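Biologist: I would like to learn how to read the packing of helices in a model. Please take me through one case, with the cut-offs.

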Amino acid sequence: MGQLADLSRETHPSQALAVYLRLVERLKEPTGDRPYEHLARLLLGARDCHSALGTEEAFTVYLAGLRTELKRRRKLMSILDRYGL
């Protein structure tokens with residue numbers, strides 16, 4: 001499903017954003033490098049959608065909330081930092 005969002009991100013950013021956010025919600029539970037890397041890539045896609053929609057501030061608020069919610073996962077925080085998120 002993430003690939004479909006990637007393909008439609010430029011032409012249908014609001015629909016792609018909805019897909020990205022659903023997938024992010026699913027990846028909040030699993031732990032480990034692989035899910036964390038996937039989560040970061042999904043967030044990059046969501047950020048691109050927000051940029052295309054002119055709603056960058058909404059992404060900033062969403063990301064801040066997500067980081068606060070998952071702050072105890074140090075490895076995830078370092079991966080998000082590495083991706084500039």
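Modeller: Of the 85 residues of the chain, 39% count as buried, where buried means under 20% relative accessible area, exposed over 50%, and partly exposed in between (1.4 Å probe, protein chains only). This is a predicted model, in which local features need pLDDT of at least 70, side-chain atom pairs count only at pLDDT 80 or more, and totals for chains, interfaces and linings use all residues. Residues are numbered from 1 along each chain as its sequence is written, and side-chain values use heavy atoms, with hydrogens and water left out.

Biologist: How many helices and strands does the chain have?

Modeller: Helices (H or I, at least four residues) and strands (E, at least two) are DSSP runs, numbered from the N terminus. Here there are 5 helices and 0 strands, which gives the pattern α-α-α-α-α along the sequence.

Biologist: What share of the contacts with a separation of 6 or more comes from residues 24 or more positions apart?

Modeller: Contact means heavy atoms within 4.5 Å. On that basis the share in this chain is 57%.

Biologist: How do I read a pair of packed helices?

Modeller: Two packed helices are described by the angle between their axes and the distance between the axes. Axes are lines fitted to C-alpha atoms, for helices over the stretch in contact, and angles run from 0 to 180 degrees between N-to-C directions. Helix 3 (33-53) and helix 4 (56-69) pack at about 155 degrees with their axes 8 Å apart. Angles under 35 degrees count as roughly parallel, over 145 as roughly antiparallel, 65 to 115 as roughly perpendicular and the rest as oblique. Helix 3 and helix 4 are therefore roughly antiparallel.

Biologist: Which hand does the crossing of helix 3 and helix 4 have?

Modeller: A crossing is left-handed if the near helix is turned anticlockwise from the far one by less than a right angle, and right-handed if clockwise. Helix 3 passes helix 4 in a right-handed crossing. Among the residues that meet there are Leu43 and Ala46 in helix 3, and Phe59 and Leu63 in helix 4.

Biologist: At what angle do helix 2 and helix 3 cross?

Modeller: The axes of helix 2 (residues 13-26) and helix 3 cross at roughly 150 degrees and come within 9 Å. These two are therefore roughly antiparallel, and the crossing of helix 2 and helix 3 is left-handed.

Biologist: Where do the buried residues of helix 5 lie on the helix?

Modeller: In helix 5 (residues 74-82) the buried residues are Leu76, Met77, Ile79 and Leu80. Seen down the axis of helix 5, they fall within an arc of 160 degrees, so they line one face; the arc is that of the directions from the helix axis to the C-beta atoms. Arg74 and Arg82 are exposed on the face turned away from the buried side. The cover over the buried residues of helix 5 includes helix 3 and helix 4.

Biologist: How do helix 3 and helix 5 pack?

Modeller: Their angle is about 40 degrees, with the axes 10 Å apart, and helix 3 and helix 5 are therefore oblique to each other. Their crossing is right-handed.

Biologist: Is Tyr36 buried or exposed?

Modeller: Tyr36, found in helix 3, counts as buried at 5% relative accessibility. Leaving aside neighbours within four places in sequence, the contacts of Tyr36 include Pro30, Leu76 and Ile79. Tyr36 and Ile79 are 43 residues apart along the chain, with their C-alpha atoms separated by 7.1 Å.
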